[in-house]
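Hello,

Here is the structure I promised to send over. Have a look first, and then read on for what turned up in it.

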Amino acid sequence: MSTELLGVLVTYLLTLALAIPLGKYIARVYQGQKTLLDFLAPLERGLYRVSGIDPNREMNWKQHLLALLTINLVWFVLAFVILLTQGSLPLNPDGNPSMSPDLAFNTAISFLVNCNLQHYSGESGLTYFSQLTVITFLQFVSAATGMAAVVVLFNAFKEKSSEKLGNFFRYLVLSCTRILLPICLVIAAILAFNGTPTSFDGKADIVTLQGDSVQVSRGPAAGMIAIKHLGTNGGGWLGVNSAHPLENPNYLTNMTELVAQVLIPIAMVIAFGVYIRRKKLAWTIFGVMTVGMLLLLVPMLLSETGGSPTLAQLNLLQPTGAMEGKEVRFGPAISAYWSTVTTIISTGSVNAMHDSTMPLSGAMQLLGMFINCFYGGCGVGILNYFIFLIIAVFISGLMVGRTPEFLGKKVEAREMKIATIIALLHPLLILAGTALACFTLTNYPEADWAVKPSAWLNNPGFHGFSEMLYEFTSSAANNGSGFEGLGDNNVFWNVSTGFVLLLGRFLPIIGPVAIAGLLARKRYVPESAGTLRTDTATFGFMTLAVILIIAALAFFPALVLGPLAEYFTIY
Amino acid sequence: MKTYLIASIKMTLVLLVLLSGVYPALVAGIGKLSPGGGGGETVSRNGKVVGFANVGQAFTQDGYFQGRPSAVDYNAAGSAGSNKGPSNPDYLATVQAPIDTFLAHNPGVTRDQIPAELVTASGSGLDPHLSPQAAYLQVARVAQARNLPEQKVQALVQQHVEAPFLGILGPEKVNVLQLNLALDAVK
């Protein structure tokens, strides 16, 4: 095995080795059991006291959602105001300007919803103040929001569930203080000691070896890069994200950032099993997710390490694979792995430019975001998976002629309606958005925006279509990566993706939490010989089939028009 | 709604202090202990800073090893890749130009010896590395431009090949700035 492939394997195994104990720890944290970090309890009590919150007052599912939406609204207002005024606020050594209203709208929403789509470049678009109070802050709390929401689901399926499903603010605070912050400090230290900047100094002026004067952007980036991965956020400090040699200086930091982004999504599945005492169910879910990941990873690895057919035409050597848009210190293999996990997990950070990857890789990146639940984002991955699981329960129940039930609770029409709406929302947002963009491009090519539609696309033809499809997919999946050639900083993209981001975040949280809340209230039907078991390989296969059929049926035509058509033109 | 709103505003303020104040301050404190003191690791010659250890820079003279093409011309106040897709008709021309330049400056080298990373843009536009293969290919030109024996330059490249991480993970590479600094130091 080459050292490049070995790097991929070791990185994944290391992630698993850390995620399993972390999952058990997470379950203990939310259950309020003893942990090593109990010395933080006074800090948490202080937070509750200042906010006037009683962390022991339990909420039903509606109160949970109301609290979640209210605090998210506060965060949005805060972020929007700071971005609009950052030019006149402190900690702006590079003298960067305030954002335009449409860009501030897009950016505030994008970080609020854990997406981190970026229509600006960090070097010139933000100040250190907004990087810390908007970007870093939202990266923490949006991840914690997803985690708090999934704990509601955990509570709903505990053995003796009731309407009372814990306290939202307590889960939010614990996610920050017990899980995200401590791990981020470790990651940030690793990054800092490998060359990622942490100080508040502005750009450095240097004269290079051959005598050119250049400036080097930097800033207190290490802490932000830690949470951008651990919280599956993905927005970079600098323009090119983790391809930048200061954000990701070497192979060790690359492994660290890769482990960090996959860690909590896997740990959450483990935590689910421990929390509701159904470890076998958790391992079945983990198995389906892992098979799904491999189905996307293998084609991506083959197409990236196989090299570019265009460059092969020029008779160039491609010993390691396709190098356009990639960094020498990483190479194509680990970049393909990064590309896979960042799209299935809704991180959206990149260590290589997706716009320059091979067509088959582009198709896999899109599929990862269409499905959006192979491991999935921080907390929300399980929520997305849960929707497919409910649909699979219902369909299998009908197939074998039994009442559909999940963990002793009957799944009925109301729950199915919610699940179906949420499952269909995702393709609707993506396909309608892309259609609108194509329509605008064709009919109003000269519209007077910051970037005219005729100048949107960096690549013509099928690949250009993929650029637009990718942007809406990334928004709806709250992913945040992009085919960055797209000229997206103008009112059309800022506003349209802004709304897609909001709908693509909050409805897929509201839906599963509502289903869980409704199921929790129902009478428990003891499992019997007639129960359809959901923790078997057969049922796992059934869920995978449901996921693939829904994703393939809805998106196949769009995939054909974009990456697949491109594939057949150049191979 | 109202009860949650007031609690939410208060909680936002205390979390801001913790996550946007205390946390970055702690990280900055950790960074102070790191090489470079948190401002990024720099490389100096005779007490003068000539670059950042990890940030690539442009080398255009024949007497220096040259790095990869950059979409931002190695100006690190920004960063970008080319974002060109493989099916873009302009792409062939984009790659053809650096190939022609390279062949003109390196007589004796043929196109089928050129590794693709030498003529394709990196993701960041600031890639500080070359593959060993891409560095060895430039030895003859550099040696001639500096009037040095080829074996000496070849040996210098060999010394600067960095092994994979822990000897087994990831690719081998050569840091172009370090190599060129060493080259300047050769008497």
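In chain B, strand 1 (residues 42-45) and strand 2 (residues 48-52) pair in the antiparallel sense over four bridges. Strands here are DSSP runs of E, at least two residues, and helices are runs of H or I, at least four, numbered from the N terminus; two strands pair if DSSP finds at least two bridges between them. This is a predicted model, where local features need pLDDT of at least 70, side-chain atom pairs count only at pLDDT 80 or more, and totals for chains, interfaces and linings use all residues. Residues are numbered from 1 along each chain as its sequence is written, chains are lettered from A and ligands numbered from 1 in the order in which they are written, and side-chain values use heavy atoms, leaving out hydrogens and water.

Back in chain B, B:Thr42 stands opposite B:Phe52 of strand 2. Two residues lie between the strands of this hairpin, and B:Asn46 in the turn has a positive phi of about 50°.

Chain A has a hairpin too, with five residues between its strands 1 and 2, where A:Gly211 takes a positive phi near 100°. Strand 1 of chain A is joined to strand 2 (residues 213-216) by four bridges, and the two run antiparallel. A:Gln215 is the bridge partner of A:Asp205.

Then the helices: helix 9 (residues 251-275) and helix 12 (residues 331-344) of chain A pack at about 20°, with axes 10 Å apart (lines fitted to C-alpha atoms over the stretch in contact, angles running from 0 to 180 degrees between N-to-C directions). They are therefore roughly parallel (under 35 degrees).

Best wishes

Conventions:
Parallel < 35°, antiparallel > 145°, perpendicular 65-115°, else oblique.
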